[in-house]
Amino acid sequence: MELCGLTLKNPLVLASGVMGTSATLLRRVALGGAGAVTAKSCGPVARAGHPNPVMVDWGHGLLNAIGLTNPGAEEEVDLLAATREELAQMGVPLFASIFAGTEEEFAQVAGVIAGAKPALIEVNISCPNVRDDFGTPFAAIPETAAAVTQAVKRAVGEIPIAVKLAPNVPDIGRIAAAVVAAGADAITAVNTMPGMVIDPEAAQPVLSNKTGGISGPALKPIALRCVAEIAKTVDVPIIGTGGVLTGRDAIEMVMAGAIAVGVGSAFWYRGENAFELIAEEMKAFMMDNGYATLSEIKGKALR
Amino acid sequence: MIREGFRNFRLASARWLNDSTLWLTFDSDIEAEPGQFVMAWLPGVGEKPFSIAGMAPFSLMVVDVGPFSHALHQLQPGDKVWIKGPLGHGFQVEGDNLLLVGGGYGSAPLLALAHDARTKSAKVTACLGARTAEGLLLGKDFADLGCQVEFMTEDGSAGRQGLITLAVEEILATGEVDLLAACGPTGMLSALAGLARQYHVPSQLSWEAQMRCGMGLCGSCEVPQSLDPALPPGWLACFDGPVFNKDKD
């Protein structure tokens with residue numbers, strides 16, 4: 001399949017933030033059957049992240065607040081550069097992911113990361129897990145989302161960018177329209193949904209950060225609704241992300257209007273063969289139901 | 001595998017193993033393999049990974065090394081600890097003649113393995129090493145299970161003087177060992193991985209790494225292949241391990 005001029009052997013993309021912290025882990029996910037892999041988001045400077053607990057399975061999904069642990073853009077660019085060629089030889093494009101606190105910082109980080117020539121740069125304007133609200137305001141307001149998109153696009157030249165949107169906004173279609181008008185080549189929809197899990201015996205939130213991002217099964221209906229709204233509003237490729245654990249989940253994302261599908265929490269639920277399993281299940285579903293290509297089902301549930 | 005959130009265990013009793021180490025026994029059992037780990041959480045203090053030292057009842061061996069372990073040391077009988085797990089993959093009893101090698105505090109999960117192995121009537125040699133006599137832990141517990149126990153200390157203050165690998169190599173050279181299982185510092189494990197290869201003995205080595213999510217997602221606990229060339233690239237202590245099970249070369 002094709003995404004922003006890139007060829008992917010399947011539509012499954014490793015979501016940013018999961019396993020993408022080293023060259024060896026990215027290679028492992030690629031060997032495990034991913035169509036493309038996204039490195040963990042990096043920002044202007046190194047961040048240690050939040051203290052433990054940083055993740056919990058609460059029965060219907062995961063809640064995490066790792067806290068954007070990353071080595072900073074300067075070190076990340078070396079990681080990406082060292083990994084890109086090898087992954088390319090495996091036919092698996094490498095996506096970078098960036099975050100920052102201001103429009104100028106976004107442009108600066110994007111410029112540094114562009115030096116590694118990733119196949120695509122995901123612009124994370126929506127991470128819910130940092131106390132000083134890195135990102136959240138960008139994804140919440142069309143004008144600021146657009147301003148960041150424009151600044152990043154200017155800084156990265158020919159490299160396609162996918163802007164990662166937040167699910168907790170009143171009108172995600174408007175945000176999508178704004179970032180596409182500002183130059184986004186694709187949209188990743190969606191980031192995790194802010195939430196809280198309280199342990200009643202402890203009488204306090206489980207995560208040290210108190211709140212975190214909901215992923216896994218609980219996020220899927222929210223993500224599907226967001227993807228559908230974006231698909232109705234704009235005409236760029238959508239990487240549908242949120243709670244995809246099975247081939248049927250992935251098919252639902254495509255039927256909502258996505259062309260590629262992000263996979264993350266599935267590693268916890270289905271083990272390290274998650275990508276292979278989901279890809280096989282997608283194929284089986286398509287054969288059983290008489291579909292030959294993804295484009296036949298793209299947006300089918302909305303027509 | 002227990003997936004959802006934390007379970008409460010209450011402290012039943014605590015006994016000192018040395019000046020800085022407590023054996024904590026809780027009020028109920030945990031179903032686990034020897035070598036699996038739990039994430040222990042004390043609300044308001046933090047969360048850390050611990051090897052399961054005993055299953056029936058659930059027990060942990062805790063060395064007072066930082067704020068979290070210090071807080072565990074302050075627990076009184078009846079106090080609660082929040083436990084997520086068991087997580088990861090543990091040791092398996094394979095063969096009739098097991099050599100267990102514990103470096104310092106690494107002896108804790110091996111005691112649970114020794115218990116399993118003795119239940120299956122396997123012969124067990126426990127080789128325990130530390131810098132000084134003070135760091136040798138659980139020797140009597142291994143002996144009480146019917147294990148043959150060898151001590152090595154770097155300063156010669158107990159058992160033989162020298163690195164533990166010296167005793168391990170002598171035992172491997174007898175050609176009688178069916179399985180080498182070990183837990184301890186990474187330098188010791190690297191050396192043992194080399195010895196296991198050299199003597200064509202299957203090994204199960206429990207690696208440690210900085211754990212964050214403990215669920216195989218965040219990537220923090222990747223164990224570098226440089227420590228043991230047999231480790232697959234991108235090997236995660238929490239998800240693939242902590243025990244790496246290597247058939248003989």
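1. Let's start with one residue: A:E252 is partly exposed, with a relative accessible area of 30%. The labels work like this: buried is under 20% relative accessible area, exposed is over 50%, and partly exposed is in between, using a 1.4 Å probe and protein chains only. Its partner in a salt bridge is A:K220, at 3.1 Å from N to O. A salt bridge here is a side-chain nitrogen of Lys or Arg within 4 Å of a carboxyl oxygen of Asp or Glu. A:K220, for its part, is buried, at 16% relative accessible area.

2. Before going on, a word on what you are looking at. This is a predicted model, where local features need pLDDT of at least 70 and side-chain atom pairs count only at pLDDT 80 or more, while totals for chains, interfaces and linings use all residues. Residues are numbered from 1 along each chain as its sequence is written, chains are lettered from A and ligands numbered from 1 in the order in which they are written, and side-chain values use heavy atoms, leaving out hydrogens and water.

3. A:E86 is partly exposed, with a relative accessible area of 32%.

4. Have a look at A:D185 and A:K153 too: they form a salt bridge whose closest N and O atoms are 2.7 Å apart. A:D185 is in the loop between α6 (172-181) and β10 (186-189) of chain A, and A:K153 is in helix α5 (residues 142-156) of chain A, 32 residues apart. A:D185 is partly exposed, at 25% relative accessible area.

5. Now for the nonpolar core, meaning a set of buried Ala, Val, Leu, Ile, Met, Phe, Trp, Tyr and Cys residues joined through side-chain atoms within 4.5 Å. The largest one has 126 residues, and A:V37, A:I113, A:I125, B:V101 and B:V168 touch the most other members. Helix α10 (residues 274-288) of chain A gives the largest share of this core, seven residues. Apart from it lies another core, of 26 residues, including B:L100 and B:F142. As a rule, nonpolar side chains in soluble globular proteins tend to be buried together.

6. Which peptide bonds are cis? One joins B:A56 and B:P57, with omega about 0°. B:P57 is in the loop between β5 (54-55) and β6 (58-63) of chain B. Another cis bond joins B:G85 and B:P86, with omega about 10°, and B:P86 belongs to strand β7 (residues 80-87) of chain B. For background, most peptide bonds are trans, and most residues other than glycine have a negative phi.

7. Finally, check two lysines. A:K117 has a positive phi of about 50° although it is not a glycine. You'll find A:K117 in the loop between α3 (103-114) and β8 (120-124) of chain A, and it is exposed, at 57% relative accessible area. A:K210 also has a positive phi, of about 70°, without being a glycine. A:K210 lies in the loop between β13 (204-205) and β14 (212-215) of chain A and counts as partly exposed at 47% relative accessibility.

Key:
Helix = DSSP H or I, 4+ residues; strand = E, 2+ residues; numbered from the N terminus.
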